[in-house]
Amino acid sequence: MNRATAPAASASPPAPPAGRTDGRGTRRSPVRRLLARPEVGALIAAIGVYLFFFAVAPSFRTAGALSTVLYQASVMGIMALPVALLMIGGEFDLSAGVAVTTSALTAAVLSFQFTVNVWTGVAVALVVSLAVGAFNGWLLIRTGLPSFLVTLGSFLILQGANLAVTKIFTDNVASDSIADMDGFGQARKVFASEFTVGGVDFKITIVYWLVLAAAATWLLLRTRFGNWIFAVGGDQDSARAVGVPVDRTKVVLFMGVGAGAWFVGMHLLFSFDTVQSGEGVGNEFLYIIAAVIGGCLLTGGYGSAIGPVIGAFIFGMVNQGIVYANWNPDWFKAFLGVMLLVAALVNLWVRRTATRR
Amino acid sequence: MTVHGSGPQDAGREDHPPERDAPVVELRGAGKSYGNIRALHGVDLAVRPGRVTCVLGDNGAGKSTLIKIISGLHRHTEGELLVDGVPVRFGSPREALDLGIATVYQDLATVPLMPVWRNFFLGSETTRGRWPLRRLDIEGMKRTADRELRSMGIVLDDLEQPVGTLSGGQRQCVAIARAVHFGARVLILDEPTAALGVKQSGVVLKYIAAARERGLGVVFITHNPHHAYLVGDHFSVLRLGTLELAADRAEVTLQELTHHMAGGAELAALRHELAQVHGVDVEELPEA
Ligand SMILES: Nc1ncnc2c1ncn2[C@@H]1O[C@H](COP(=O)(O)OP(=O)(O)OP(=O)(O)O)[C@@H](O)[C@H]1O
Ligand SMILES: [Mg+2]
């Protein structure tokens, strides 16, 4: 870590200055370094929220409640991950919420209408979801418009298409049940099964969520692509000037959101066997909120994958904790709003600290 | 990159190396328009191995535009850009970098929120291991970045600190050290000493001399004729997007260079104007 204090024997520059440091105490204190990590604020908040509901809601303390909280968090958290990566890359995707529904509807309607194995529908849904992501990215690059506008457009398009196309095929607001179609049981095992630990049932999505978070952390911190994500979000012109493929990075990030939407869409479809075509609206903000609470900078260039995991966990705790505490669930949104504002302020402070000279 | 005129020329690049003093990069009648602003027009420039080409000129003369064409950031809209005698059109700075052309930009340098070592290797990260375990060679990159920065006289405690926490000059040094490290054949420096103190400016000039010794072609943009004359082998003065002067070191003196940079004939006119404003005699104003 700290080359200055290590015997720099390997370093044999032409004429290394004798002094190790210039003795002005440029070293940042460990505490400040820790606080500058993107997810620390969220972690403190998560512990606080947990202790709070632990104290006020006895039923919150059970393992069953933990399972429910984790499930809630995982479904949202799986989407929050690619949304966070995209945010670190400096862009938004407002179509992320309805894209989940689009993916689920594609698989459901296609499987039912053509009476094919549901896996065909699953595969086509993946292609459609990736294509939607690629389209968002392509449009952004070609037009130079802010992603807020571009994806607001695709949000409206997808929302309208979800409702209208479903109505064409089913004359209804929901897709037809695909429960008795080939491959349904298998797909349900993959996307929506449960497992038991110590007598408590947990949903498989929790495992996917944590594995994906680990993979995203690796991607961000240990790969070239991860370096590029930070760079295009931090200063895209400088990044381009040193040879970072800015456009490709952004398109891939949007396609990542598409892949996330597909995965969650499949989970929702195979948890039940139909999809409501109006679902998903508004969820895009929840993903963004999870990322921001998790310490990702709204303006890009800074954040982590662990942050949105914690953000989603807070979301799950608040969502369920209010129920366990027997409060009016309407308080949920208010609580979330407070969390968001606090997180935004913490972020601001963190960024100032991190770049303070 | 689109390489026009393939065949014999391409073969030439591989079979027998071009003659010793042949330019690595050459502009022939190159020009660039931003919409209807003609920033550069009909410029000839040759970057030869082991030689320092200084580009001088007023603010807005088109110096940055010129080097952005060579570094692949902008495409020329007229004339030709040749690398090793082959006309090219760079689609991105990556293509120029892959040919060993590295640039320190005046306005584009580093990503403030990223750690120093990540900035240093941005776009050219080194990895180890095989896919799917291929990962950044963090230790190696930090070691290299630290060594290169130390040799510029920049000693940092912590390469993990965001570049944004460094001073402007230190940041500039990171960009210069990076270009020196990655510029295998051509090094382009756009006003690298503008933000630097005396010591670091000296280091940069030494770097330029060292790069020349190693046989690199150097393009050095500066407003400081003294700096230019210390290291330059060839001087090109731009004015309003066209070449006003292109001369080898043997053909100009420092005085002449300063005179050209200061606007030469324009200065005489300026003296007249000032004289009118102040109502003084032209002869009382100091000589250019
Ligand atoms: N991206 C751009 N779009 C439009 N016009 C531009 C652009 N970049 C430069 N110009 C114009 O081109 C001209 C030359 O600019 P350039 O940056 O090459 O000057 P310069 O010689 O580097 O000046 P300085 O010494 O101030 O750095 C200027 O008139 C400028 O306004
Ligand atoms: Mg310039």
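I count a contact as heavy atoms within 4.5 Å. On that basis I looked at chain B: among its contacts between residues at least 6 apart in sequence, 65% join residues at least 24 apart.

The model is predicted, so I note that local features need pLDDT of at least 70 and side-chain atom pairs pLDDT 80 or more, while totals for chains, interfaces and linings use all residues. Residues are numbered from 1 along each chain as its sequence is written, chains are lettered from A and ligands numbered from 1 in the order written, and side-chain values use heavy atoms, without hydrogens and water.

I looked up the protein donors (N, O and S atoms within 2.8 Å of the metal, or 3.2 Å for Na, K and Ca; water is not among the atoms, so sites may look incomplete). For the magnesium ion (ligand 2) they are Ser64(B) through OG and Gln106(B) through OE1, 1.9 to 2.0 Å away. The two are 42 residues apart, Ser64(B) in helix α2 (residues 63-70) and Gln106(B) in the loop between β7 (101-104) and α4 (116-121). Helices (H or I, at least four residues) and strands (E, at least two) are DSSP runs, numbered from the N terminus.

Ligand 1. I find 14 residues around ligand 1, with Gly60(B), Lys63(B), Ser64(B), Thr65(B) and Gln106(B) the closest; near means a heavy atom within 4 Å. The largest share of this shell, three residues, comes from α2(B).

Which class does Gln106(B) fall in, at 42% relative accessibility? I have Gln106(B) as partly exposed, and Ser64(B) as buried at 19%. Buried is under 20% relative accessible area, exposed over 50%, partly exposed in between (1.4 Å probe, protein chains only).
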